[in-house]
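Reader: I would like to learn how to read cavities and aromatic pairs in a model. Please take me through one.

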Amino acid sequence: MNKPLVGAFLAALLLGAGVAPAVAAEPAGSASEVSAEAAPQTKYTAPDTALAAKAVTFAGTVALSNCSGSVVRIPDAAPTDPALVLSNGHCMESGFPGPGEVVVDQPSSRTFTLLNASGSGVGTLRASKIAYGTMTDTDLSLYELTSTYQQIEDSYGIQALELETAHPTAGTAITVASGYWKRTYSCDIDGFVHQLKEGRWTWKDSVRYTPECQTIGGTSGSPVIDDATGKVVAVNNTGNESGQECTDNNPCEVDENGDVTVREGINYAQQTYNMVPCIGAGSKIDLTREGCALPKP
């Protein structure tokens with residue numbers, strides 16, 4: 001995995017003592033925190049994809065205590081729906097879920113620092129629960145917030161990133177936007193991996209980046225954004241660090257015939273279009289919905 005980080009000490013080890021991680025989440029109860037009762041709900045507008053296509057920014061990304069993430073929405077989310085934050089399953093505060101383990105509706109009061117376009121922290125968002133989390137077949141977590149999409153836009157002028165509903169294509173220009181580091185990585189989708197194996201975990205149909213995206217620890221959970229549409233097509237999660245085969249922090253590719261390929265220095269993400277059918281009315285996770293193929297408890 002693009003390892004989650006614990007504090008500035010590990011951050012300094014990765015990037016040098018002169019570099020600090022993104023703004024930390026503000027303490028619970030801070031003045032900038034949005035509650036479910038705060039802010040009117042009258043000014044919500046759908047994200048403007050034409051504007052988003054001009055340049056990928058940090059607007060809508062978040063910094064976790066140890067990872068990156070983003071506020072996301074399905075295309076038909078209502079402004080009064082509780083907002084969702086997307087990150088990795090291995091970034092959950094409850095620890096790495098084991099193979100076959102699926103977390104659903106687990107209470108959480110985790111906080112997230114919301115970033116604006118330039119990467120400055122503008123406020124704190126709070127979770128009410130982990131709506132969904134797993135490291136089986138994919139590596140993702142979805143937190144439900146105490147704030148609605150409307151409240152976030154009214155308070156900060158920031159819209160959620162929209163989830164793409166279709167499978168991405170090879171050759172697509174993408175940007176990985178890390179809220180933890182306030183850093184972006186630009187490259188293309190190189191292709192897709194039948195099975196990506198790392199330690200005890202196996203992920204399916206993973207996105208492989210071209211070599212330019214040299215993501216690091218703390219970028220876990222970053223949205224992978226299609227440069228042309230501004231939509232989220234995947235969530236960044238891992239890379240082969242030292243050329244080992246199928247070990248922790250050294251995932252290997254396994255094709256349909258069982259042949260194994262190791263690509264040292266190459267990084268990967270998990271697609272997110274397959275999440276959309278599992279999010280129903282009220283932006284609630286519903287694993288029984290038609291077309292939902294996410295692993296179930």
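Author: We take the cavity, then a helix, then the ring pairs. This is a predicted model, where local features need pLDDT of at least 70, side-chain atom pairs count only at pLDDT 80 or more, and totals for chains, interfaces and linings use all residues. Residues are numbered from 1 along each chain as its sequence is written, and side-chain values use heavy atoms, with hydrogens and water left out.

Reader: How many cavities of 30 Å³ or more does the search find?

Author: Rolling a probe the size of a water molecule over the atoms shows where empty space is left. Here the search finds one cavity of 30 Å³ or more (points on a 1 Å grid over the protein atoms alone where a 1.4 Å probe fits but cannot get out; lining residues have an atom within 4 Å of a point).

Reader: Which helix gives the most to the lining?

Author: Helix α3 (residues 149-156), with three residues. Helices are DSSP runs of H or I, at least four residues; strands are runs of E, at least two.

Reader: How many residues of α3 are buried?

Author: Six of eight. Buried means under 20% relative accessible area, exposed over 50%, partly exposed in between (1.4 Å probe, protein chains only). Tyr 149 and Ile 152 are among the buried residues.

Reader: How many aromatic pairs are there?

Author: Three. Ring centres must lie within 6.5 Å; planes under 30 degrees apart count as stacked, over 60 as edge-to-face, the rest as tilted. Phe 96 and Trp 201 are edge-to-face, at 5.7 Å and 70 degrees.

How values were computed: On a 1 Å grid over the protein atoms alone, a cavity is a set of points where a 1.4 Å probe fits but cannot get out, and a pocket is an open set with protein on both sides within 12 Å along at least five of seven lines; lining residues have an atom within 4 Å of a point. Grid points are joined across faces, edges and corners, and a volume is the space filled by probe spheres set on the points. Rings of Phe, Tyr and Trp (its six-membered ring) pair if their centres lie within 6.5 Å; planes under 30 degrees apart count as stacked, over 60 as edge-to-face and the rest as tilted.
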